[in-house]
Amino acid sequence: MTCQSKMSDKLAPAIGIDLGTTYSCVAVWEDDHVEIITNDQGNLTTPSYVSFTEKGRLVGESAFNNAAMDPINTIYGVKRLIGRRFSDPNVKEDIKLWPFIVVAGAKNRPKIVVNYKGEKKNFLAEEISSMVLMKMKQIAETYLGCAVEDAVVTVPAYFNDSQRRATKDAGVIAGLNVKRIMDEPTAAALAYGFHKIKDYSKPQNVFVFDLGGGTFDVSLVNIYGGYFEVKATAGDTHLGGEDFDNRIFNYFVDEFKRKYKKDIRGNSRALRRLRSACERAKRSLSTTSMTTIHVDCLYEGIDFSSTLSRTRFDELNKDLFAKCIEFTDQCLKDAKVNKNDIDIVVLVGGSSRIPKVQQLLEEYFGDEKLHRNINQDEAVAYGAAILAAQLSGQANDMVNKVVLTDVTPLSLGVDITGDVMSIVVARNTSVPTKKVKNFTTIKDDQTSVTFNVYEGERFQASKNHFLGMFNVSGLSPAPRGVPSIDVCFEIDADGILNVSGTVRGSGQTSKLTITNEESWLRKEEIDKMIEEAEKYKAEDEKHKRKVDARRELDDYAYEMSKIMRNQELILPLIPEGEKQRIEDEICEVMNWLDLNKVPPVEASNSKLLGLKEICEPIVAKMKN
Ligand code: AMP
């Protein structure tokens, strides 16, 4: 599309949108710099709120302002719902805290119920998000004076496939052509690098600490020669400013109950007003050591006033702040980088302004490492705008030098004999990626092989998360170990996985695309799997020893059966009767192997010993 006014004959620019849980921000690449676009109220960020009224729909600031008046019909925080099931325990927890109504819709999808223009209406999270995206699009269009279509939209690093797809869908509903779904920490690192790095010849480790309203992401980004590579990510899709607000909120609800013997929990308007006061108190505690909260006529005509000190606030959130440092530690361990090797820590997200959080980070990394110059609220949209410009070919040479890569949160592979996970793409591999691993048959004359695809960190394949299966057929009959099958895992820039198996020589190919939204994991599940993998390391070792012992027996029995089948070689060495006895023994072992897929190590070893006792004399004779 051409743009008539400001940009005259140029193409309409692509925009970068940081679609936040609580606030959103839009930016554009213009005249060789990034412009963060102000909304109609002159603010650089816009509340991700939608309010439904008798007269119409409000989005952004006006919706936020309407929240206290009409809490039941004012929707916020839908980023917590997007791409999730109603039965998801996180959804159940969130619903308890929201004044608006969420019910189970078709296919177990959460539906938000509101009163709109006097009628009961249902909306999916994607629809609400699309309204916020549409608002951000309009803000950009008003500024640019032309229609905008192309956009890069950011999501937390741990958003799974279904959440990414749902966000993309929201963009489509909003009339946007979403050119890329980008991880928020990558965008922030890009913003920092673009601002600060003049000399790309020196590699730098940038640690991005993003604590927003509803999500927490940490990432280690390595910047070298204009390349930004995310080495590792960790985080929690359920940790942020709203959780800190909730702690203050519960503290004051209890205080109100103690003082007035009244519980305000059933009154959504009172809850909303108290929650807003708590959020304001939290913000002011970032600059003062004591704050007052006052809500006129909070409940049954009672005015509520109280104070909160920064020390008390820190105490109420102590475990949550500690969690932030735990994830920081986990991320560095994953990246195999020592904290002393971090050059800079970039603070992103409104909640990273909290003094206690900064203090803990200073204690962990050292004071001089914290970079506070970048605007916490704008960095993500800034980075998204740079990528948007690059993808739509509107950037300058400096932008075009920058290449972005993300990583896989879990290892991906297939199961092989003995329920062993054979990793094809290791955890934290940069994406997009394409990896090929070669496999073969376990039986003579096998004409097909079934591959089960898993993701996870356990040695035992079935303990990981099953993604799907595919069958490679059309193999020409051949002894086991001879056919050669190339299994290829390809992950595209949006994180979609395609698996294929090709028989070498014949070119026979089978394909599997992991598109089932149920197949991908929630971040909590990913964390749990990593945690379990650590816990069960000993169990995995045990399993590995069993599989190794069985494999040794299997290989030996197979080799010996091959030798015994060679009449010309064997008959001159042993009498016919002896040959039959050995063949029976081998056959017995093979039947036992068929029945015992993971036998105890001792059982495999003792069978191997028994078989060797009768076979070794022949092997010795053969050598002579
Ligand atoms: P974001 O999602 O990055 O827009 O962050 C929004 C969150 O940051 C909200 O929970 C805000 O309450 C919080 N926030 C913004 N400013 C401050 C501040 N000065 N101190 C503490 N929290 C803040």
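How exposed is Val103, in relative accessible area? Hello everyone, let's start there. Val103 is partly exposed, at 33%, where partly exposed sits between buried (under 20%) and exposed (over 50%), with a 1.4 Å probe and protein chains only.

A quick note on what we're looking at: this is a predicted model, where local features need pLDDT of at least 70, side-chain atom pairs count only at pLDDT 80 or more, and totals for chains, interfaces and linings use all residues. Residues are numbered from 1 along each chain as its sequence is written, and side-chain values use heavy atoms, without hydrogens or water.

Back to Val103, which lies in strand S8, residues 101-104; strands are DSSP runs of E, at least two residues, and helices are runs of H or I, at least four, numbered from the N terminus.

Now to helix H5, residues 184-196. Of its 13 residues, 11 are buried, among them Pro185, Leu190, Tyr192 and Phe194.

Lastly, the cysteines. The whole structure has zero disulfides, a disulfide being two cysteine sulfur atoms within 2.5 Å. Cys324 is in no disulfide either, with the nearest cysteine sulfur, that of Cys331, 13 Å away. Cys278 is buried at 0%, and Cys324 is buried at 2%. Thanks, everyone!
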